[in-house]
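Please read them alongside the coordinates.

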Amino acid sequence: MRRKASLILLALAVFFAALSPLLRWYAFPRLAKVPPSQYQETVLEAKNATLLDYKQFKSVTVPKVTIVQTLKGNVEESRKIEKTAGKDVVVWDSLTYVLDDKGQFVSKNPERYIFDAHSQAPVHATGEMVDGDPVKRDGIEFKWPFLTEKRDYEYFDAQSRTSAPIHYKGTVAFHGLKVYYFEQTIPWTRVPFPKAMPLGVTPEVAKQTGLTRWYSTKRMFWVDPVTGGPVNGEEIHQEELRNATALFGQDKITAFSGHVKMREDYVDHTVALIKKNRTLILLLTSYLPWGFLGLGTALLALSLWLEARSRRPGTPAPTTRTEPEPVSA
Amino acid sequence: MRALVAAAIGLAAALAIVLTVSAIGGPEGSTSPKPLLTTVPNAPGAVPPGK
């Protein structure tokens with residue numbers, strides 16, 4: 001009976017011991033992926049920002065500029081691209097919509113970002129765009145890979161349509177989480193005019209006047225290293241119109257200047273979401289593998305102990321009684 | 001010999017479970033009916049579907 005029990009325990013020990021590395025190195029890379037149907041909105045604000053007033057033809061300080069950013073997973077498009085890409089793909093249609101303190105339209109920037117659901121590496125397919133212009137991203141955008149490393153990443157800048165390094169600057173505590181802080185500075189760069197501008201101004205009209213649009217930003221992200229999700233984002237963003245003497249009476253005029261920060265309720269919401277998702281990732285990468293390894297070791301020890309007891313010499317072995325045969329002379 | 005068979009059964013069961021779960025994967029879901037926003041929501045998740 002003890003030998004049978006020890007064999008069952010041995011089978012269970014091997015089962016759990018084998019599950020441990022299989023979960024971590026086989027199941028996790030295949031199961032951990034960004035769902036293609038994700039929908040997420042974020043509100044950011046720049047208090048006391050400078051904005052170009054197209055009616056007055058001058059820069060004015062406004063109490064608040066609000067940026068509403070929506071990410072929407074396009075499941076149908078991701079299925080189409082997966083057929084040719086041969087891997088799990090996520091298609092995010094995003095819209096960054098900027099409003100002034102009176103809720104009036106300032107600018108908008110639609111994007112389509114296509115990426116590998118597991119590694120978050122960009123995938124190039126028809127439809128990848130920024131504000132209607134086809135682009136080819138070399139870097140990540142919006143989200144870091146699962147199990148983010150303490151290193152620089154290439155990050156796509158939607159204004160200049162180029163990728164540049166975003167630098168890992170250290171590990172900090174944020175709302176009870178240990179997060180990685182990343183920073184990217186884009187120096188003054190000439191960038192295209194948005195397709196839609198206030199008062200119906202078009203890029204063609206702006207170009208006819210000889211205006212050029214320039215932009216500089218310092219981009220900051222606090223990223224949860226387990227999920228790769230940013231829990232907070234800020235940007236010190238500046239935009240200028242140059243060669244503006246004919247229209248504005250001076251060569252340079254500020255189109256926007258402000259320190260953009262996530263609205264506090266969205267920070268709390270994002271932190272709660274990240275905390276929930278990081279538990280799922282940690283289950284596959286840490287809690288279950290280590291738990292199963294411990295359980296496997298304990299079961300193996302128990303199995304060996306039972307086996308040893310069943311072989312102990314002092315233990316009466318099960319015997320069958322045999323009657324002595326009669327002796328005959 | 002019986003110990004080897006027991007270990008092989010344990011290993012096979014672990015492989016079968018992990019391979020099956022990995023092959024099935026997670027649910028894909030469908031595209032959200034919620035719009036790309038052009039107004040400021042009052043609170044996170046306050047956007048009604050199809051608004």
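1. A polar contact here is a pair of N or O atoms within 3.5 Å; within protein, one must be able to donate a hydrogen and the other to accept it, and residues adjacent in sequence count only if both atoms are side-chain atoms. By that criterion the side chains of A:Arg263 and A:Asp265 are joined by a polar contact of 2.9 Å.

2. On provenance: this is a predicted model, in which local features need pLDDT of at least 70 and side-chain atom pairs count only at pLDDT 80 or more, while totals for chains, interfaces and linings use all residues. Residues are numbered from 1 along each chain as its sequence is written, chains are lettered from A and ligands numbered from 1 in the order in which they are written, and side-chain values use heavy atoms, with hydrogens and water left out.

3. A:Arg263 sits in the loop between strand E12 (252-262) and helix H5 (264-311) of chain A; helices (H or I, at least four residues) and strands (E, at least two) are DSSP runs, numbered from the N terminus. A:Arg263 counts as buried because its relative accessibility is 14%, where buried means under 20% relative accessible area, exposed over 50% and partly exposed in between (1.4 Å probe, protein chains only). Leaving out residues up to four places away in sequence, A:Arg263 touches residues of both chains, including A:Glu45, B:Pro41 and B:Asn42; contact means heavy atoms within 4.5 Å.

4. Chain A is assigned domain 1 (2-22 + 286-311) and domain 2 (32-262), with bounds from an automatic or database domain assignment. The centres of these two domains, taken over C-alpha atoms, are 52 Å apart.

5. The largest nonpolar core has 38 residues, and A:Leu19, A:Trp92, A:Trp144, A:Ile166 and A:Phe182 have the most contacts inside it. Such a core is a set of buried Ala, Val, Leu, Ile, Met, Phe, Trp, Tyr and Cys residues joined through side-chain atoms within 4.5 Å. Among the elements that each supply at least two residues of this core are helix H1 (2-31) of chain A and helix H1 (2-24) of chain B. H1(A) gives the most, with ten residues. Each of domain 1 and domain 2 of chain A provides at least three residues of this core. A:Leu19 touches A:Phe292, B:Ala14 and B:Val18, not counting residues up to four places away in sequence. Apart from this core lies another, of 25 residues, among them A:Val62 and A:Phe174.

6. Strand E8 (residues 162-174) of chain A runs antiparallel to E7(A), with five bridges, and antiparallel to E9(A), with seven; strands pair if DSSP finds at least two bridges between them. A:Tyr153 stands opposite A:Ile166, and A:Ala173 has A:Lys178 as its bridge partner. The E7(A)-E8(A) hairpin has four residues between the strands, and A:Arg161 there takes a positive phi near 60°.

7. A:His175 is partly exposed, at 37% relative accessible area. A:Asp131 also has a positive phi of about 50°, but A:Asp131 counts as buried, at 7% relative accessibility.

8. In helix H2 (residues 75-85) of chain A, the buried residues include A:Val75, A:Ser78 and A:Ile81. The buried residues of H2(A) fall within an arc of 150° seen down the axis, so they line one face; the arc is that of the directions from the helix axis to the C-beta atoms. The face turned away carries the exposed residues A:Lys80, A:Lys83 and A:Thr84.
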